[in-house]
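Okay, thanks for making time, everyone. Let me put the model up and then I'll walk you through a few spots in it.

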Amino acid sequence: MSDSDHDEISQLIRDVVGASKLPPKSRSVDIKPVVANLTSLVYDNGLLPDDLAQLVHLVATPSHLDQASLSAIVRNLYPADRISAEVITRIVGAFGHGKLKPSLNIQAALLKWLVMVYHALETPIILSQAYSVLFNLLDTAAIRPQLTHLLALITRRKHVRPFRIQALLNLSRTSGNDPCLVGLLRVYKDYYPEIIVGDAVRGRASAFKHPDIQWRTRLDDIQQEHIRRTQDKLSAPRDGFRVNRPVNRAARSKLIPVVHTSHATERSTTLEEIESATSFAQKLHDIELPNQLVAVLADPLLQKLLLLRPSAESHQRIANWLNAVLQDVIDGHTDQDTLWDVLEIVRDFVVQTKTFPPLILNFFARFFGLWDGNGRRHVIFEILSHAPLHEFHELYKHIFQPLETAILDDTPQSQLAILSLYTNLLHSWTASLRTSEPVPLHASDTVAELTRHVNVLSVTLLQTCPGLQTDNAILEFYEQSSQIITDDVLMPIIRIELPSAILIYTFLFSNSLATVSRMCNILACFKKGFELAMMTKTRRGSYGVDALSYDKDYVTLYNGFLMDICNCFWRFRALSNSDIETQGCMVPRPTVAALTSYVSSVEKTFSLATIFSLSHSPILCLQSIRSLRQAEEAEIEMDQLIRTRHAGPVTQTSLARLSSSGGIRLSWQDYRIGVLEHLEMEGFVGITELLMNTMIVLKSSQGSRRSSQGVSSQRGSSQGLFV
């Protein structure tokens, strides 16, 4: 709600309140257009707490305002935020008989309003505390339908007492078995079936349906818009410690029964009675399970109960229901909409509980053979991202390969969707492995097989859809993989599976500094895993990753990645394959010769070996000169006289000339270390992390801008590049 709308609503409320104190003949203007304008604005924007309190006080207090205007105001009491206990107390105090009470029509409208906003109360217990006051008004027939609905909504076991049961029975007999009273008796019977006999609740009874679905929908829209505008996510939290009571049950939610507990005993507690985390914790072991446990698929409170009180029988009951519904899907006894409604319910259950019933995999194994790939794909992706850690070749054969056959349609979008699924699946497996005791023996092979499969998919994506979106999606998977390698628990267990060389070198020559940095950071994480494995020697017959887990060629391949990157950024040997382990970034030698000739023809002072260095690289040159500028500014702040600034790009020779011409005195080694530290401060930590942990000459100067190691040789030793 904008400030102007709020000010206009507040002014209209003041006008209406002022007019309500005067008889109609004493007013200078007609109040009905003002009320119409007010209700229209409230319908569009809702009411803030102070404005709501003023209007509630207006309708709950006798005034000179006509009944039509009061009814219109009550119908448009849309609270934009939670409703305070003071407002509810004021409304409850307005019920009953007497000159100081509003008309029975207005009381009925207020009761209906309480039913519709019950979910938005700041403290629902306030109505429970007023239960006696409300119950004693049941003899007023004019408000009985709305009153019984409200009582049915707030009734808990503590409210069901013998004298109230008797009063309801007597009132029901004298009123000719009023359906509203019979409906309330049925609510009472759920708590004490042995006291209320069947004859008392037979016949027609009120179903207590929501009185106005459209009104509730509009209220939800207003409150969601208010949350979005105020960015106050705490103003409407999802209450996970109260039973979920959906109002407008769509087709999807109608498949799942609501939580309903019958045949509870005096000493037990039903889920419907839980109102807070405290009461849930105190009564955890006394809570009776509801009639239909499948309600767990849609009720957060029941999900918590089954997680804290697991039971094989309970899970079997849920599995039986799911199996029956999914079998109907396979047999073709349900339509498309019902299928996706069921899968959305399964999705919500799996995501909320992190529980994946085995029958779901069995269903997908059969379903993907029949599916044409159309429909709500994202639902299936979200479900499968929580698939259990089985052997990957079995999962791929029965689940993921049929899924890819149905989904992949030679478009980058479908390939990116599959890649995102595998990234989320690896994330789920990582969380599962961290808590597994013991870790499954096939875990390392399964993660490796998934990574090899993603390698192929990623290379395909680089060809079909090159760009930052693809780079980001691929790097997200390998960053998730690197988290396993750097995890203290999983590092000694999960073997490193390297990305494809094509991926490494494609990212190395990316035009995005963020992409290059992220790729380098992934390789730096792998280095820690390799180093730990080389220092580890497992006992015979034991399970784990050690020096024997990686053959020489595999380590040589990884060392080649490191050496090629160091050759480009640090050693001025870009694209060189003169060392045994280097691969020359997989650039063919004729291409290297052609590029060397071309660079010399463009600028004689440049060479192919240097244009990928920190100073000359297209993605690093800006950060490099900024690093030097910051060093010069720091010298000036320390009252050092600098007559000349470096124009860039920086070389070892240009730094020497700069010092002799009155510029900053900075060694070549200090300059390059300063660039690495500047990259780290700017958030591009990958290049710095990889070089600092790979080059021996840099390891001793890590974290120190003023290094005492002197100027490094451009040829540099290859020692320290090996794992």
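Let's start in the loop between α26 and α27 (589-602), where you'll find Cys585. Keep in mind as we go that this is a predicted model. For context, most residues other than glycine have a negative phi. And Cys585 is buried, with a relative accessible area of 4%.

Now look at Met586, which sits in the loop between α26 and α27 as well. Met586 isn't a glycine either, and it has a positive phi of about 60 degrees. Is Met586 buried or partly exposed? It counts as partly exposed, because its relative accessibility is 44%, and the band for that label runs between 20% and 50%. Cys585, on the other hand, falls under the 20% cut-off at 4%, so it's buried.

The peptide bond running from Glu437 to Pro438 is cis, with omega near 0 degrees. Most peptide bonds are trans, so that's worth a flag. Where is Pro438? In the loop between α21 and α22 (443-464).

Let me zoom out for a second. The protein chain has 723 residues, and buried ones make up 50% of them. In terms of secondary structure, you're looking at 32 helices and 2 strands. How about contacts along the sequence? Take the contacts between residues at least 6 apart: 69% of those join residues at least 24 apart. As for surface, the chain exposes about 34500 Å², with carbon and sulfur atoms supplying 53% of that.

Okay, helix pairs. Two packed helices get described by the angle between their axes and the distance between the axes. Take helix α21 (residues 412-435) and helix α23 (residues 468-486): their axes come within 10 Å and cross at roughly 15 degrees. That angle is under 35 degrees, so α21 counts as roughly parallel to α23. The crossing of α21 past α23 is left-handed.

Who's actually touching whom there? On the α21 side the residues include Leu416, Leu419, Tyr422 and Arg434, and on the α23 side they include Ala473, Ile474, Phe477 and Ile484. If you sort the contact of α21 with α23 by class, you get 8 nonpolar, 8 polar and 2 charged residues.

The second pair is at the other end of the numbering. Helix α1 (residues 3-20) and helix α3 (residues 49-60) have axes that come within 11 Å and cross at roughly 20 degrees. Again the angle is under 35 degrees, so α1 is roughly parallel to α3. This crossing of α1 and α3 is left-handed too. From α1, the contact is made by His6, Ile9, Ser10, Ile13, Val16, Val17 and Ser20, and from α3 by Asp51, Gln54, Leu55 and Leu58. By class, the contact of α1 with α3 divides into 6 nonpolar, 4 polar and 1 charged.

Why do I call helix α31 (residues 685-692) largely enclosed by the rest of the structure? Because 6 of its 8 residues are buried. Those are Gly686, Ile687, Thr688, Leu690, Leu691 and Met692. What do the buried residues of α31 pack against? They pack against α25 (513-534), α26 (552-569), α30 (668-681) and α32 (696-699).

Two single residues before I stop. Ala406 lies in helix α20 (residues 392-407). It's buried, with a relative accessible area of 14%. The C-alpha atoms of Ala406 and Phe368 are separated by 7.0 Å, with the two residues 38 apart along the chain. Which residues does Ala406 contact, once you set aside its neighbours within four places in sequence? Trp371, Asp372 and Gly373.

The other one is Thr140, found in the loop between α8 (131-135) and α9 (144-154). Although Thr140 is a loop residue, it counts as buried at 7% relative accessibility. Leaving out neighbours within four places in sequence, Thr140 is in contact with His97 and Leu104.

That's my tour, so let's open it up for discussion.

Definitions and conventions: Residues are numbered from 1 along each chain as its sequence is written. This is a predicted model: local features need pLDDT of at least 70, side-chain atom pairs count only at pLDDT 80 or more; totals for chains, interfaces and linings use all residues. Side-chain values use heavy atoms; hydrogens and water are left out. Helices (H or I, at least four residues) and strands (E, at least two) are DSSP runs, numbered from the N terminus. Buried means under 20% relative accessible area, exposed over 50%, partly exposed in between (1.4 Å probe, protein chains only). Contact means heavy atoms within 4.5 Å. Accessible areas come from the Shrake-Rupley method with a 1.4 Å probe; for residues, only the protein chains shown count as cover. Axes are lines fitted to C-alpha atoms, for helices over the stretch in contact, and angles run from 0 to 180 degrees between N-to-C directions. Angles under 35 degrees count as roughly parallel, over 145 as roughly antiparallel, 65 to 115 as roughly perpendicular and the rest as oblique. A crossing is left-handed if the near helix is turned anticlockwise from the far one by less than a right angle, and right-handed if clockwise. Ala, Val, Leu, Ile, Met, Phe, Trp, Tyr, Cys and Pro count as nonpolar, Asp, Glu, Lys and Arg as charged, and the others, Gly among them, as polar.
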